[in-house]
Amino acid sequence: MKYFILVAAFGLLAAQHEAGDDKRGYTDTPQLPGQKWKVHDADRPHPRKVTPGLPLLNEAPPSDALILFDGKDLSQWVNPRWKVENGYMEIVPRSGGLRTKEKFGDCQLHVEWMIPQGVEGAGQNRGNSGVELMTHYEIQVLESYENLTYADGQAASMYGVWPPLVNATRPQGEWNVYDIFFETPKFDGNKLAQPGYLTLVHNGVLVHNHQQIIGETIHRKVATYKPHPAEEPLSLQDHGQTVRYRNIWIRRLKPYDQ
Ligand code: MG
């Protein structure tokens, strides 16, 4: 009984500490620099919904793309424990994230994802995964067609910093497409020389337009940079829920010939 009271009291303290939850958002998180909102702000308005055009087909990659997943095997990934069937891969919850064998810097990246029909849960626990550029900068994957969570944590958000400009998410059972254009941050020794930038087209709709990345993705804190090499692997997040991916390809971007 004593133990139970102790656990209950601790739970209450923890609840007081975390003012809010992952459905409504939070009120006790730090201020985001240069924005009027806090991290995962409960008062931050949600982007308006936009119905994307007709579903894009599972299009063939351009000829100079490196195919990271063609629907058949996970040979481009380290220690893959996810299931491959019917032309897609599916997260085996809590088996660990996927990470590419190769490393990448500036790139164009195409990823298709789907929350299978019937996935349950709420807030951050409904089809949560993520495309983690350089393993550090997460573009959120989540059921955000009809699932409330804080605006900077919904699908296509630059997690914890910027919600998408609009919500172009397709419902469960339909494929979503991310076309990502990424400029890596540049470091001069331990100092940030130039921040990273992200452009994201979600289902044919522009949702981040050369938006500055302020640091490594983190929950309930302000993202900050930590120096890392010029190239790093790409990872896909295992957040303990079922999400499918298909048709993943990447093109390394080089500056114009001068
Ligand atoms: Mg995630």
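## Pockets, cavities and the metal site

The second largest pocket holds about 170 Å³ of space. This is a predicted model: local features need pLDDT of at least 70, side-chain atom pairs count only at pLDDT 80 or more, and totals for chains, interfaces and linings use all residues. Residues are numbered from 1 along each chain as its sequence is written, and side-chain values use heavy atoms, without hydrogens and water.

A pocket is an open set of points on a 1 Å grid over the protein atoms alone, with protein on both sides within 12 Å along at least five of seven lines. A cavity is a set where a 1.4 Å probe fits but cannot get out. Lining residues have an atom within 4 Å of a point. Points are joined across faces, edges and corners, and a volume is the space filled by probe spheres set on them.

Asp106, Phe181, Tyr197, His210 and Lys254 are among the residues lining the second largest pocket. Strand S11 (176–183) gives the most to this lining, with 3 residues. Strands are DSSP E runs of at least two residues, numbered from the N terminus.

| Space | Volume |
|---|---|
| Largest pocket | about 230 Å³ |
| Second largest pocket | about 170 Å³ |
| Largest cavity | about 120 Å³ |
| Second largest cavity | about 50 Å³ |

The largest pocket has 17 lining residues, and Glu138, Tyr159, His219, Gln237 and His239 are the closest to its centre. Strand S10 supplies the largest share of this lining, 3 residues.

The largest cavity is lined by 14 residues. Glu138 is one of those nearest its centre, together with Met158, Ile213, Gly215 and Thr217. Again S10 (residues 137–141) gives the largest share, 3 residues.

Which protein atoms are donors of the magnesium ion? They are Asn128 (OD1), Ser129 (O), Glu138 (OE), Gln140 (OE1) and Gln237 (OE1), lying 2.1 to 2.3 Å from the ion. Donors are N, O and S atoms within 2.8 Å of the metal (3.2 Å for Na, K and Ca); water is not among the atoms, so sites may look incomplete. Glu138 is buried at 9% relative accessible area. Gln140 is buried too, at 1%. Buried means under 20%, exposed over 50% and partly exposed in between (1.4 Å probe, protein chains only).

Notes: Helix = DSSP H or I, 4+ residues; strand = E, 2+ residues; numbered from the N terminus.
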